[in-house]
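Dear colleague,

I am handing over the structure below, together with some notes on what was found in it. Please read the notes alongside the coordinates.

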Amino acid sequence: MKINLISDTVTQPSAGMLDAMMNAKVGDDVFKNDPSVNAFEEEVARYFGMEAALFFPSGTMTNQTAIKLHTQPGEQLICDKYAHIYNYEGGGVSFNSGVSCKLVDGNRGMMTAEQVVEAINPPDFYHSPLTSLVCIENTTNKGGGACWDFNELKEIKKVCDENGLKYHLDGARLWNALVAKNENPKDYGNLFDSISVCFSKGLGCPVGSVLIGNEKLISDALRVRKMLGGGMRQSGFLAAAGSYALKNNIGRLSEDHKKAQEIGSVLGKLEFIKKVEFIETNIIIFELDESQMFSAVFLSKLEENDISIIGMGQGKLRIVTHLDYTAQMHKHFLKILQKIG
Ligand SMILES: *Cc1c(COP(=O)(O)O)cnc(C)c1O
């Protein structure tokens, strides 16, 4: 039995999803003539109570498009030091938009409204870049799937309004936060100028992310998507997978969260584990006590048992639970972990 826990992106489309994809009515979406894409975009916009949405091939492209639309070259955005847009988008922020990032030293990828205020450059001080955008990530990836306190997000929104800043949410795993904290997606739609969500992570789709905002933003996003080379033709096959996931795969995320908790509590009892970070959703980040076992040894012991997890650098290891990680695999994995200990 092969168990792959390196990411929640490793899932294969389920039989039900494939069926929905194969039965999709499609057209040429570059001409906005694909009925499945049009319906899907409307569904996602409605889900967040926002005006409009646009389907993209990746979450990197939705984030990059939002940043392009909210900034001018030379300006600066504010984000946490762990942010995906800063660490894992190939430097696209500077390449595509010509903006710099002011990094905030937050907690597990989350900053406070006070820290945001401190990170804003005074607009009349022309020596420093003009601050124009605040980017949030929920759940945080490098922060171990942490969920924001919604009240803090509201406080940051106030700071944005008072300082004329735009407010973007990288919600690649927002679904996990909505389920873990029992939140209403429309509250997020109310708060942010733009939201990016991924369907290719916890929701189990093969491809696809959606950018959501008001009519004006999304109509401008169409041209930026074109510039980035992201226009797709009969993409209704992919949108149908997204529609399927929206109906069928959100509620079940709580199962992934429960399994993550159980893995965390087994890890916590092992001698050679130094620290397991607080687990809120489907991501487990932990460190070994290298005087007892090297990470490389631990990883190879797992590999011998056909189990893959991933290193994050700085001695941290990561496990991500997902749709294709079954109850049977879970039982087996916990047994192997205890055996290694
Ligand atoms: C995965 C991810 C993205 C987008 O990744 P793609 O692979 O380009 O779809 C963006 N933000 C976060 C936090 C992510 O985890």
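The notes below go through the domains, the salt bridges, some individual contacts and the backbone.

This is a predicted model, in which local features need pLDDT of at least 70 and side-chain atom pairs count only at pLDDT 80 or more, while totals for chains, interfaces and linings use all residues. Residues are numbered from 1 along each chain as its sequence is written, and side-chain values use heavy atoms, with hydrogens and water left out.

Domains and their interface

The domain assignment, with bounds that come from an automatic or database domain assignment, gives domain 1 as 3-8 + 252-340 and domain 2 as 15-249. The C-alpha centres of domain 1 and domain 2 lie 28 Å apart. Counting a contact as heavy atoms within 4.5 Å, 17 residues of domain 1 touch 23 residues of domain 2. Between them, domain 1 and domain 2 bury about 1600 Å², of which 48% is on carbon and sulfur atoms; buried area here is the accessible area (1.4 Å probe) that two parts lose on being put together, summed over both. Of the area that domain 1 buries against domain 2, 35% is supplied by D8, L253 and E280, more than by any other three residues.

Across this interface there are six residue pairs in polar contact, both residues being at pLDDT 80 or more. A polar contact is a pair of N or O atoms within 3.5 Å, where, within protein, one must be able to donate a hydrogen and the other to accept it, and where residues adjacent in sequence count only if both atoms are side-chain atoms. On the side of domain 1 that touches domain 2, α12 (253-269), β10 (283-288) and β13 (316-320) each supply at least two residues, and the largest share, three residues, comes from α12. Helices (H or I, at least four residues) and strands (E, at least two) are DSSP runs, numbered from the N terminus. By class, that side of domain 1 has six nonpolar, five polar and six charged residues, where Ala, Val, Leu, Ile, Met, Phe, Trp, Tyr, Cys and Pro count as nonpolar, Asp, Glu, Lys and Arg as charged, and the others, Gly among them, as polar.

Salt bridges

With a salt bridge taken as a side-chain nitrogen of Lys or Arg within 4 Å of a carboxyl oxygen of Asp or Glu, the count comes to 17, and the count between domain 1 and domain 2 is two. R108 forms a salt bridge with E280, with the closest N and O atoms 3.2 Å apart. This pair links distant parts of the chain, since R108 is in the loop between β4 (100-104) and α6 (113-119) and E280 is in the loop between β9 (273-276) and β10, 172 residues apart.

D29 forms a salt bridge with R225, the closest N and O atoms being 3.6 Å apart. Here too distant parts of the chain are linked, with D29 in the loop between α1 (15-22) and α2 (35-47) and R225 in helix α10 (residues 215-227), 196 residues apart. D29 is buried (under 20% relative accessible area, against over 50% for exposed and in between for partly exposed, with a 1.4 Å probe and protein chains only), at a relative accessible area of 1%, and R225 is also buried, at 3%. D29, K32, E41 and R225 are linked in a network of salt bridges. The side chains of D256 and R252 also meet in a salt bridge (2.6 Å, N to O); D256 is buried at 0% relative accessibility, and R252 is buried at 14%.

Individual residues and backbone

N63, in helix α3 (residues 59-70), is buried at 1% relative accessible area and, leaving aside its neighbours within four places in sequence, is in contact with I85, E89, H168, D170 and S196. V179 lies in helix α8 (residues 174-180) and is partly exposed at 24% relative accessibility; not counting residues up to four places away in sequence, V179 touches I250, G251, L253, S254 and H257.

Most residues other than glycine have a negative phi, and most peptide bonds are trans. A cis peptide bond joins N138 and T139, with omega about -5°, and T139 lies in the loop between β5 (131-137) and α7 (150-163). N182, which is not a glycine, has a positive phi of about 50°; N182 is in the loop between α8 and α9 (185-191) and is exposed at 70% relative accessibility. Q314 has a positive phi near 50°, lies in the loop between β12 (310-313) and β13, and is exposed at 71% relative accessibility.

With best regards
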